[in-house]
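Biologist: Could you zoom in on a single part of this model for me and walk me through how the pieces there sit together?

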Amino acid sequence: MSIIQENISLKPYNTFGLEAKARFFTEINEIAELKNILQNTDYQNVEKLFLGGGSNILLTKDFEGLVIKINLKGIKSVFEDDSQIHLQAGAGENWHEFVMYCVENNLAGIENLSLIPGTVGAAPMQNIGAYGVEIKDVFVELEALNLESFEVEKFKLDDCKFGYRESVFKHENKGKYVITAVTFRLNKVPTFKVSYGDIQKTLEEMGVKTLTIKAVSEAVIKIRKSKLPDPAEIGNSGSFFKNPEIPKTQYDELKTKFDNIPSYPINESTVKVPAGWLIEQASWKGFRDGQIGVHARQALVLVNYGGGNGNDIKTLSAKVQASVLEKFGIKLHVEVNFI
Ligand code: EPU
């Protein structure tokens, strides 16, 4: 039976390190415990917030409902042949530790996703991605508890409708399921993806002659550490905004004014523009107001230097959006969930 605590500080449970209280708080280690709590009549009409690693939320106020921290653990093989293995991981497994488990066991496919904060269960929500790999590339299926029927259901790749930082769980299934386990396809023989960003350059700097899963993981970790603040030191939730996708016609027009505007083609009529570049050009990079600001090495990341306030970060994000809209005519969409 899980214990339900009252008036608990959520500061240790969000990577922004923001202070906010939960009226009720509990941690669950088993699906049965989760079902029990959800069916407990005392809490039936109480609003619920399911927490993984708390790496994608911005707490703007105390939460008057019940916070349920998902601690479902375990990694097991559910299929194996000569070339691949399917690993099922509990939703509460730490994402980076799961990546390290794969790297140590010479299993390829997610080494480019090293050092992303958060949990396995949160990863499919927004189809986490970095350095040319998204989890949809290695995804087999997931299990999720239906919050109406209290039955565990399976979702295959197509059911999840993955897109860039998108899934069915952010749209039509929002608030309807809790992800309990995810199965990934890992390859015994690696196919490396090292053309993205600075990976190749970093591997050379590291003196790597023969590519290995571990070397690629280490290169990614090195790059991330050089640009992104460690939440243990400076509160943040990674990219605060998504990189906007704009019509190619709009991009071509912007290019006549901003000669060096970077872009990644999506298809013939759409391009993606790095939000970090837009925010930097709008003069926000390194901006600091008291205890909050825009990270000095990656403008896409808003930070809490300690003791900052979630509402101030929300206000700052709106100011950043307004100035990017004014300067470039591009609306930035927030990636983080406001609570
Ligand atoms: N850039 C700037 N100024 C900045 C930041 C970036 O000009 O302050 C430019 C860079 O010079 C580069 C381009 O923007 O030309 C892209 O920068 P970077 O490679 O750092 O990646 P990103 O597009 O800013 C995305 C993800 C990251 C992921 C990296 C690497 C999103 C919203 N973010 O950032 O994901 O680690 O690519 O693949 O797509 C996260 O989601 O929390 C996250 C960190």
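Modeller: Helices (H or I, at least four residues) and strands (E, at least two) are DSSP runs, numbered from the N terminus. Keep in mind that this is a predicted model, where local features need pLDDT of at least 70 and side-chain atom pairs count only at pLDDT 80 or more, while totals for chains, interfaces and linings use all residues. Residues are numbered from 1 along each chain as its sequence is written, and side-chain values use heavy atoms, with hydrogens and water left out.

Now the sheet itself: it is an open one of four strands, ordered β1-β2-β5-β3, with mixed pairing; two strands pair if DSSP finds at least two bridges between them. β1 (5-9) and β3 (48-51) stand at the edges with a single partner strand each, so one side of each has no neighbour in the sheet. On average, neighbouring strands here are turned by 40° against each other, direction ignored.

Who does β1 pair with? That's β2 (residues 21-28): the two run antiparallel and four bridges join them.

Terms used
Axes are lines fitted to C-alpha atoms, for helices over the stretch in contact, and angles run from 0 to 180 degrees between N-to-C directions.
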